[in-house]
Amino acid sequence: MPEFSLDLNEEQRDLRDWVHGFAADVVRPAAAEWDAREETPWPVIQEAAKIGLYGFEFLANTWADPTGLSLCLSNEELFWGDAGIGMAIFGTSLAVAAIYASGQPDQMLEWVPQCFGDAADPKVAAFCTTEPEAGSDVGSMKTRARYDEAKDEWVISGQKAYATNGGIAEIHVVTASVEPELGSRGQAAFVVPPGTPGLNGSRKLKKLGLRASHTADVFLDDVRVPGRCLLGGKEALDARLARAREGRKAQGQAAMRTFELSRPAVGAQALGVARAAYEYALDYAKNRVQFGRPIIENQAIAFALADMRMEIDAARLLVWRAAWMGRNNRPFEAGEGSMSKLKAGEVAVAATEKAVQILGGAGFLREHPVERWYRDAKIYTIFEGTSEIQRLVIARAISGTYIR
């Protein structure tokens with residue numbers, strides 16, 4: 001029987017150190033500038049593509065890790081560098097996860113490489129599911145897709161909100177309701193190829209944090225896509241809709257399958273932000289002298305740092321467990337994926353708030369990065385399922401009761 005170990009193997013350590021080096025040498029020096037500009041950092045994305053950090057091959061290699069940890073390690077290190085730039089680089093992976101979750105092998109081969117482009121001309125992709133009146137309540141989705149059998153085309157109409165890379169993406173993956181009366185069980189995911197008429201992204205939204213990452217509303221006005229753009233294919237959709245009409249158990253729906261795959265990675269992103277704040281506050285406390293001694297010698301400061309480190313390490317264990325379970329097709333019977341994202345997101349908010357407090361007035365200034373990390377952290381209790389929704393998922397899983 002193999003010995004139990006939490007040690008990373010050599011390949012994982014090399015990956016972690018490689019991504020950390022890029023985050024330290026390229027991302028961090030550029031972070032404040034792109035946060036202030038509130039623009040997509042295309043030069044940084046291109047640098048990531050040139051070294052192989054941004055692209056289908058990188059995502060495939062990290063996903064191939066049978067432990068499931070490589071993608072989490074990469075996310076934590078890159079977002080330790082900066083969350084806004086990190087999201088600009090890794091935001092495409094959510095659309096890729098949607099294609100992977102619902103697509104057929106030939107669809108993956110056709111669409112996933114287009115999500116990234118190449119090192120000379122990198123592209124980004126967008127996953128569009130949230131709507132103005134359908135955020136946590138995915139079943140209330142109003143975007144509609146109807147099938148034009150004569151032309152073998154799907155016609156999609158509706159509005160999506162808060163889409164990462166919305167409007168500037170090469171590939172948009174859009175969820176839509178095919179049979180609204182079935183609620184979330186009547187939904188499907190579609191690829192909208194580049195240059196498709198009728199898809200328009202509004203101006204970039206101004207945000208509290210993650211300002212280097214492009215977020216926009218997306219409008220779909222009778223967008224026509226070929227039949228092959230339905231992820232999973234029409235035969236599988238028809239069979240799934242038939243089961244739903246008969247009241248048989250569903251195998252899940254498009255948006256939720258995507259989020260189940262992505263939640264541990266999102267938790268790892270939050271960990272990167274939390275760890276950055278903790279390390280900066282620890283270093284500051286060791287060097288900041290008040291009343292004749294470094295402030296870390298005061299219990300209030302030392303205990304706050306101890307709590308930060310403990311919570312970050314605890315959250316990482318939940319993230320790693322969920323990543324391993326997801327990669328090895330272990331069911332989240334107690335909402336383990338939600339646990340990982342919930343804990344990591346709330347730890348990021350608490351850790352960055354404590355870092356600002358430890359720095360005092362300096363922490364409130366843009367001269368120090370903790371104020372940016374504080375702004376960036378908040379989104380991790382909101383997107384890809386709010387903290388309240390994560391608790392609902394966990395509560396339903398452990399109780400077997402449909403708690404509202």
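Visitor: Which residues of α12 are buried?

Guide: Before answering, bear in mind that this is a predicted model. The buried residues in α12 are Val 370, Glu 371, Arg 372, Trp 373, Arg 375, Asp 376 and Ala 377. Since these make up seven of the eight residues of the helix, which spans residues 370–377, α12 is largely enclosed by the rest of the structure.

Visitor: How many disulfides does the structure hold?

Guide: The general idea is that a disulfide is a covalent bond between the sulfur atoms of two cysteines. In this case the structure holds zero disulfides. Take Cys 229, whose sulfur has its closest cysteine sulfur in Cys 115, at 12 Å, which is too far for a bond, given that a disulfide requires the two sulfur atoms to be within 2.5 Å. Cys 229 counts as buried because its relative accessibility is 0%, and Cys 72 likewise counts as buried, at 3%.

Visitor: Where is Asp 217 found, and does it count as buried or exposed?

Guide: Relative accessibility is read against a cut-off, with buried meaning under 20%. Asp 217, which is found in strand β7 (residues 215–226), has a relative accessibility of 17% and therefore counts as buried.

Visitor: Which residues does Asp 217 touch, leaving aside those up to four places away in sequence?

Guide: With those sequence neighbours left out, Asp 217 touches Gln 159, Lys 160, Ala 161 and Tyr 162, together with Asn 200, Gly 201, Ser 202 and Leu 205. For Tyr 162 there is a further detail, in that its backbone nitrogen lies 3.3 Å from a polar atom of the Asp 217 side chain. The C-alpha atom of Leu 53, by contrast, is separated from that of Asp 217 by 28 Å, the two residues being 164 apart along the chain.

Visitor: What does Ser 177 touch, again not counting residues up to four places away in sequence?

Guide: Ser 177, found in strand β4 (residues 171–177), touches Met 141, Thr 143, Arg 144, Ala 145, Gly 186 and Gln 187 when those residues are not counted. At 2% relative accessibility, Ser 177 counts as buried.

Visitor: Which residues form a nonpolar patch on the surface?

Guide: Phe 4, Leu 6 and Leu 317 form such a patch, and together they have about 380 Å² of accessible area. Leu 6, which lies in the segment before α1 (10–37), counts as exposed because its relative accessibility is 54%, the cut-off for exposed being over 50%.

Methods. Residues are numbered from 1 along each chain as its sequence is written. This is a predicted model: local features need pLDDT of at least 70, side-chain atom pairs count only at pLDDT 80 or more; totals for chains, interfaces and linings use all residues. Side-chain values use heavy atoms; hydrogens and water are left out. Patches are made of residues with over 30% relative accessible area and no salt bridge: like charges are joined within 9 Å, nonpolar side chains (Val, Leu, Ile, Met, Phe, Trp, Tyr) within 5 Å. Accessible areas come from the Shrake-Rupley method with a 1.4 Å probe; for residues, only the protein chains shown count as cover. A salt bridge is a side-chain nitrogen of Lys or Arg within 4 Å of a carboxyl oxygen of Asp or Glu. Helices (H or I, at least four residues) and strands (E, at least two) are DSSP runs, numbered from the N terminus. Buried means under 20% relative accessible area, exposed over 50%, partly exposed in between (1.4 Å probe, protein chains only). Contact means heavy atoms within 4.5 Å. A polar contact is a pair of N or O atoms within 3.5 Å; within protein, one must be able to donate a hydrogen and the other to accept it, and residues adjacent in sequence count only if both atoms are side-chain atoms.
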